[in-house]
Amino acid sequence: MPRRFPLSLSIERLFHWWRRIQSVMEKYDPQTIEAKWQKVWADELSFHVPNPSPEELAAHRDRTYVVEMLPYPSGDLHMGHTLNYTIGDVITHVRRRKGMQVLRPMGYDAFGLPAENAAIKEGAHPRVVTERNIASIRKQMHRMGWAIDWGREISTHQPEYYRWTQWLFLRFFERGLAYRKEAPVKWCPNDQTVLANEQVVDGRCERCGAEVEAKSLTQWFFRITDYADALLDEMDLLEDWPDRVLTMQRNWIGRSQGARVVFRVEGSGEQLPVFTTRPDTLFGATFFVLAPEHSLVSSLVAGSEHEAEVLDYVRRTAARSEVEREEKEKDGVFTGRFAVNPVNGEAIPIWVADYVLMGYGTGAIMAVPAHDERDHAFAERYGIEIRQVVGSSAVDVAEAGAFVSHSADEVLVNSGDFSGLSSPDGKVAITASLAAEGLGEEAIAYRLRDWLLSRQRYWGCPIPIIHCEKCGEVPVPDDQLPVVLPEIDDYVPKGRSPLAAAEDWVATTCPKCGGSARRETDTMDTFVDSSWYFIRYTDPHDDRLPFDREIADYWLPVNQYIGGIEHAVLHLLYARFFTKVMNELGLVGFREPFARLFNQGMLTAGGAKMSKSKGNVINPLEFVERYGADTVRLYTLFMGPADEDMDWQDTGLEGIWRFLNRLWRVAHEQAATPVAKLAEADPGDGELARKTHRTIAKVTDDIERRFYFHTPIAAVMELVNEIQRHPEDPAVRFATETAVSLIQPYAPHVAEELWGVLSAGGTRLWETRWPEADPALLAVAEVEVVVQVNGKLRDRLHVAAGTGKDELLAAVLASERVQAHLDGHEIRKTIVVPDRLVNFVV
RNA sequence: GCCGAAGUGGCGGAACUGGCAGACGCGCCGGACUCAAAAUCCGGUUCCCGAAAGGGAGUGUGGGUUCGAUUCCCACCUUCGGCACCA
């Protein structure tokens, strides 16, 4: 055979060589084409979005604002970011191509513990490490090909940005919404700083996992508790937030309806108010408990035989961590004093016990052991009376434990004049009776505490306050902002702010009286920086104000916010609070920052959360180098529903790679086919044309309405499979172009390249109108009707779509298989669902 | 303990309004191409019985509603998430 002879130069051999050269040239090479298109987009500022002109502001355009939570520059991007920003990218591309003006910016949450800890670990200055990380992340974002408006890039650590964070803080301060006070706070011994309640998870530091300690310190707070009701009620203004996030916020705010009831100390007459959700059980109060931190404890026991024991108990409590305090058995000490129950004048013993928390309610409780499990356990341990006042006498609360059920038929017993009332009626009646005597009133308690915003750390936004001995807390005048974070050598945390060491910076003069004064040395929590960044994006270079209200009101509220669930009660609560305050300050016209929220699921590797310590962090760049960004982008979305947790599997990536190669080949085959053979442009109305239209409809609907990002990919794969099965179909060119067009939001580089190959007309896919399905071609021409006998599938029949009932029945009854199963039985009932199924009941 | 979400092949998952369970992909099996391998292509792949035709079972478990249930209702089990000494 000639082919076995290497020097043979037959025509066949030449042709073979030519094909091989061709195939080499046409090989899908993501690195080259991705670099090519990324350069075009960067050079032409393809995704820059100008702010509206004054005329446009008036004529409300079809605009949309898409924001993904900005990254902490504490290292490189990980797969979670890739997922997050690819979701945003798909939405951005689709909306752009539907003709909307889409704002889609990006920034860096550069201040704060995540970035600072990363820097300390490296032993370098936080600014150096942070800015290097930012440069690296920016590069990676470009490499992923995300359609970001880079003209609006911001970083929260830049003076141009944090000047306005300080400016906003001062507006809060002026309104009394930022204040400084001594309070019990949570202290992280590892990070050497206080934490907000929201940053304590199961008694541990949210960032480093160390058990937090209780301390009493003077700290800065935002009065978020004033907004507890607004934060709950204005959830109604949100268009679409996941229920779980709303539930978490509701739990966190923890609104409870009840009563404030005033007990008095026997002898002194001092008032001891309590908060209770069960005023109906007031007659069952058999003891009284103060939190160890309660301010009256020391005076109550002063000079008594109980003093030493009580004070010792208070000291021991203070030494315990939150976790210890919760895990140990309930204990307490008797103070020797008694409290008078306002409903019946009964004197009940006052105890001090650490199961009562100073931070909730009034730090004091009336204990009703018959109807509260904790009080019950305590009463049993110390032999205190357990007196039932609600419910049937069939339940022995002393034996069976606290009776805490809340059924409607509960009735008050042993409750004086109130006996016989239902539990809800009893609540109302007893509260009213107390109110009449000035001894109580309806009250609401919240679990939410004020937001502790100061941090004893270097890498944060300086709090723009000056402490003057004469004038007190004096705001830095607006025209002296920003208060620039000083350069210092020793930024390592050591329990007080490292800024305190910068004596030249700390020592200043009072803006009010001109006397010598000292600067506040604490910095702000990172979450302050990120509570308003999404508005700064709209006007990122403004040096007169944080943003222009008209422009902000044009873009916001954010139409689609995308990010992880971990911020459900952190960033998302704080940003809502900030927006409400900014609204009341007249800075913005809206009350809620994010109309719609999408939470992407967590990405795991080998079933475990990715973490550096476990060594299972998946680095997207590694796969981008191997397969290209398009494959990685597609795969992160193909894994499963984007709002559920997903496990990363390397092998799945191969499937996407094969798909893109298949698409590549199909498109090139189309391009190489002479146009004459394609029956000109008309795709006709055959099955492939119809399948194409159905794919358009499904992809569009899944992305826009359902927020399903994985099923559109499957749908395009199906279409490509169909194209390969019917290479001679007149619609094959139309189907191929559509497949390329529909996959563009996911894989913009390869789609752009193939679009160029197919159209050869120089049009740009990213600017090409999103395809629209022809409703007339959505239905299949011929349907498969299922025939069941007694609900069991017995036959399938192909009929024209829209076949009438009678005609359909006749066709079905003609089926031998159906007849075999009917087998002469009497048909009792026939169900016909046109174009779907026929079911005979025999 | 309270609140919420979820349980579907070997794996990730699909089935949106009660109407063909398992789309799409991975993996696996068989075949083509190749000296060979890779790549690619074709076919198969829920389980059981059967050579096949075909039959039976099947969406965590048990019940219910319905001609018909992954989908609706009740109870339970499991997993995950949130809250939790919050009075």
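Reader: What is the place of Glu324?
Author: Glu324 sits in helix H12, residues 322–327. Helices are DSSP runs (H or I, at least four residues) and strands are too (E, at least two), numbered from the N terminus. This is a predicted model: local features need pLDDT of at least 70, side-chain atom pairs count only at pLDDT 80 or more, and totals for chains, interfaces and linings use all residues. Residues are numbered from 1 along each chain as its sequence is written, chains are lettered from A and ligands numbered from 1 in the order in which they are written, and side-chain values use heavy atoms, with hydrogens and water left out.

Reader: Why is Glu324 called partly exposed?
Author: Its relative accessible area is 42%. Buried means under 20%, exposed means over 50%, and partly exposed lies in between (1.4 Å probe, protein chains only). So Glu324 with 42% counts as partly exposed.

Reader: Which residues form the negative surface patch?
Author: Asp202, Glu324, Glu326 and Glu327 form it. Patch residues have over 30% relative accessible area and no salt bridge; like charges are joined within 9 Å, nonpolar side chains (Val, Leu, Ile, Met, Phe, Trp, Tyr) within 5 Å. Asp and Glu count as negative, Lys and Arg as positive; His and the chain ends are not counted. The charge is placed at NZ of Lys, CZ of Arg, CG of Asp or CD of Glu. Areas come from the Shrake-Rupley method with a 1.4 Å probe; for residues, only the protein chains shown count as cover.

Reader: What makes Glu34 and Arg143 a salt bridge?
Author: Their closest N and O atoms are 2.9 Å apart. A salt bridge is a side-chain nitrogen of Lys or Arg within 4 Å of a carboxyl oxygen of Asp or Glu. So the pair qualifies. Glu34 is in helix H2 (residues 30–43) and Arg143 in helix H6 (residues 126–144), 109 residues apart, so the pair links distant parts of the chain.

Reader: Are Glu34 and Arg143 buried or exposed?
Author: Glu34 is buried at 0%. Arg143 is buried too, at 18%.

Reader: How do you know that Arg180 and Glu520 meet in a salt bridge?
Author: The N to O distance is 3.7 Å, so the pair meets the cut-off. Arg180 lies in strand E5 (residues 178–188), while Glu520 is in the loop between strand E22 (516–519) and strand E23 (523–524), so the bridge ties together parts 340 residues apart in sequence. Arg180 is partly exposed at 33%. Glu520 is buried at 5%.

Reader: What about Lys698 and Asp702?
Author: They form a salt bridge, with the closest N and O atoms 2.8 Å apart. Both lie in helix H24 (residues 687–706), four residues apart, about one turn of the helix. Lys698 is partly exposed at 34%. Asp702 is buried at 2%.

Reader: How many salt bridges does the structure hold?
Author: It holds 50. A network links Glu234, Arg576, Lys580, Glu584, Arg591 and Glu592.

Reader: With which residues is Thr763 in contact, leaving aside its neighbours within four places in sequence?
Author: Glu752 and Trp755. Contact means heavy atoms within 4.5 Å. The C-alpha atoms of Thr763 and Glu752 are 9.4 Å apart, and the two residues are eleven apart in sequence. Thr763 is found in the loop between helix H27 (748–759) and strand E29 (782–789). Thr763 is partly exposed at 43%.
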